[in-house]
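Subject: Structure handover

Hello,

Here is the structure you asked about. My notes follow it.

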Amino acid sequence: MAGAVSSRGCLKIRGAQIRDLLDSKHNVLFDCDGVIWNGETVVTGAPEVVTLLKQQGKRVFFVTNNCTRPRENYVQKFCRLGFTDVAEEEIFSSAYCSAAYLRDVAKVQGKVYVIGCQGVLKELQDAGVPVVEEDNDSSSFSIYDFPLDPDVRAVLVGYDENFNFMKLAKACCYLRNSECLFLATDPDPWHPLRGGRITPGSGSLTAALETASNRKATVIGKPSRFMYECIASQFDLDPARSLMIGDRLETDILFGINCGLATMLTLTGVSTFEEAQQYKDSDSPEKKDFVPDYVVESIADFLQVLEE
Amino acid sequence: MAVSKCTRLSGPLIKQLLDSVDNVLFDCDGVIWRGDEAISGAPEVINLLKKTGKGVYFVTNNSTKTRKMYADKLAKLGFNATEEEVFGTAYCSAMYLKSVCKLEGKVYLIGSNAMRQELEKVEIEQIGVGPDHVSGTQFDWANVALDPEVKAVLVGFDEHFSYMKLNKALQYLSNSDCQFVGTNTDTRLPLEGGKAVPGTGCLVKAVETAAQRQAQVVGKPNRFMFDCVAGKFNVDPNRCLMVGDRLDTDILLGSNCGLKTLLTLTGVSTVADAETHQKSGCPVRQGMVPDYYVDSIAELLPALQG
């Protein structure tokens with residue numbers, strides 16, 4: 001049957017089509033890495049796009065799986081890269097949302113055992129969620145014999161450059177109690193760095209712990225709905241008037257679809273137009289959820305329309 | 001044709017089974033020992049089997065010991081066994097890299113000193129064993145200097161596993177010509193004293209996830225370990241018995257290689273587990289149903305002594 005029922009057609013748009021789309025949306029959700037910046041390099045035109053959208057009455061949010069910084073550091077990065085008016089309240093990172101989940105949704109009574117970096121620890125601290133103090137140099141104990149904190153009620157795993165066997169063994173012990181929550185900040189198997197390099201992501205550490213504990217983690221980050229629900233709990237969002245813009249089909253676009261948002265792929269990051277087309281042409285039904293409604297070369301393509 | 005399976009081994013059936021085989025393969029943990037204690041009766045069983053002229057071999061997924069270390073442990077616990085009769089994954093991975101991967105070059109090793117020693121014995125040079133922590137920035141370690149002679153990544157049990165090692169493995173494996181081998185996928189490693197820690201399977205999974213690649217796995221239930229034994233000792237699968245405590249590694253290996261299989265209940269799996277596989281319609285799961293089971297291999301003693 002020619003012409004699918006849904007508009008999820010992987011449609012490359014520019015000019016008037018962009019204008020019509022933006023006119024129909026009140027909220028724009030941006031992924032960060034690969035959309036508005038790549039590492040420490042801003043995507044040309046991105047700061048102007050954000051400013052113009054806000055000037056025209058749109059609400060703008062940033063939804064990132066990157067859990068390596070607390071929100072206040074993100075604000076500094078935005079400033080550094082030329083975004084002049086981004087407020088902390090508009091930034092939703094998987095670190096911030098994991099802390100919010102523990103405090104507001106799980107309402108955890110007790111401590112959290114964290115495998116993570118400063119970004120996550122700071123957000124938990126800011127949210128008032130107690131954390132087990134971890135000594136990165138655990139040379140005083142062996143992997144065969146270590147103390148456990150009896151107040152632990154949840155395990156949270158995310159990107160951790162100090163990940164080691166001891167942390168894996170400890171987390172596995174805590175997870176033997178089925179009442180102990182098991183959360184992961186995000187599922188990304190690797191993270192892109194500038195220059196085409198990659199580094200292992202939270203997803204690879206989570207996979208180790210899932211295998212050890214024979215349990216599945218509740219994943220906070222995209223494509224899970226929770227980050228959207230976190231935004232919606234603080235701001236009034238109508239999914240029909242919201243647009244998700246991202247560069248990773250398996251996280252950003254799937255996230256948008258899971259939350260009932262319109263979705264746009266920008267080609268300044270990880271996924272390619274060809275990959276999107278392959279998902280569109282695939283016979284398998286789950287792959288349809290990786291197909292964006294719209295595609296642009298870069299969000300700078302909005303400038304022409306917004307400056308009119 | 002319905003084949004009767006998962007039968008309790010008792011009475012005359014025991015002698016019948018033993019007479020029908022020339023060689024017996026034993027898993028170690030949970031079968032002949034638990035931690036650093038022999039299972040009561042196990043040394044007598046092994047020693048009598050050898051006395052009656054059977055070949056007896058030990059096949060373990062545990063990569064933390066060399067064959068020599070296993071031979072020392074066996075001797076200490078009263079088993080008459082030699083180094084050549086032990087097949088652990090430290091030794092078998094080295095053989096795998098040499099004979100299957102036909103490796104010419106170095107290995108980036110996430111594993112134990114035992115694995116390093118077994119690699120050295122077959123003249124494969126490794127880098128990476130021991131502690132390795134991150135330093136510098138994210139960008140520094142993503143751009144860490146790679147040794148151009150590394151042609152394979154091998155992952156085994158490593159108590160020094162760290163983010164930096166995971167990162168290095170990822171960088172090497174970004175080259176599709178670099179081979180990727182794991183010793184085994186067991187999720188838990190049994191320790192002396194009856195405890196357990198996360199197993200090699202967790203470390204292999206971490207690397208597989210980051211690299212978005214599947215490892216070639218050497219250990220049970222992959223048939224390579226049987227092929228190692230059979231190649232050395234001329235074992236006829238039709239006249240060979242596999243004795244183990246895990247349905248998804250030991251018994252499945254036996255089934256995959258056409259061996260007779262005996263489950264002992266002194267370790268991980270239960271009869272209920274076996275019956276669940278048996279009742280499922282799934283053909284793959286039938287491979288995890290043992291021919292026979294005993295509470296302990298000590299039950300073989302009367303038939304051997306008689």
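This is a predicted model: local features need pLDDT of at least 70, side-chain atom pairs count only at pLDDT 80 or more; totals for chains, interfaces and linings use all residues.

Residues are numbered from 1 along each chain as its sequence is written, chains are lettered from A and ligands numbered from 1 in the order in which they are written, and side-chain values use heavy atoms, with hydrogens and water left out.

An unreviewed UniProt entry lists Asp27(B) and Asp29(B) under "active site"; such annotations may be inferred rather than shown by experiment.

Asp27(B) sits in the loop between β2 (23–26) and β3 (33–34) of chain B (strands are DSSP runs of E, at least two residues, numbered from the N terminus). Asp27(B) counts as buried because its relative accessibility is 6% (buried is under 20%, exposed over 50%, partly exposed in between, with a 1.4 Å probe and protein chains only). Its side chain makes a polar contact of 2.9 Å with that of Lys220(B) (N or O atoms within 3.5 Å, where one must be able to donate a hydrogen and the other to accept it).

Asp29(B) lies in the β2–β3 loop of chain B and is buried, at 19%. Beyond four places in sequence, Asp29(B) touches Thr60(B), Asn62(B), Pro190(B) and Asp245(B) (heavy atoms within 4.5 Å).

Arg188(B), in strand β11 (residues 188–190), is partly exposed at 42%. Among the residues that Arg188(B) touches is Arg176(A).

Regards

Notes: Helices (H or I, at least four residues) and strands (E, at least two) are DSSP runs, numbered from the N terminus.
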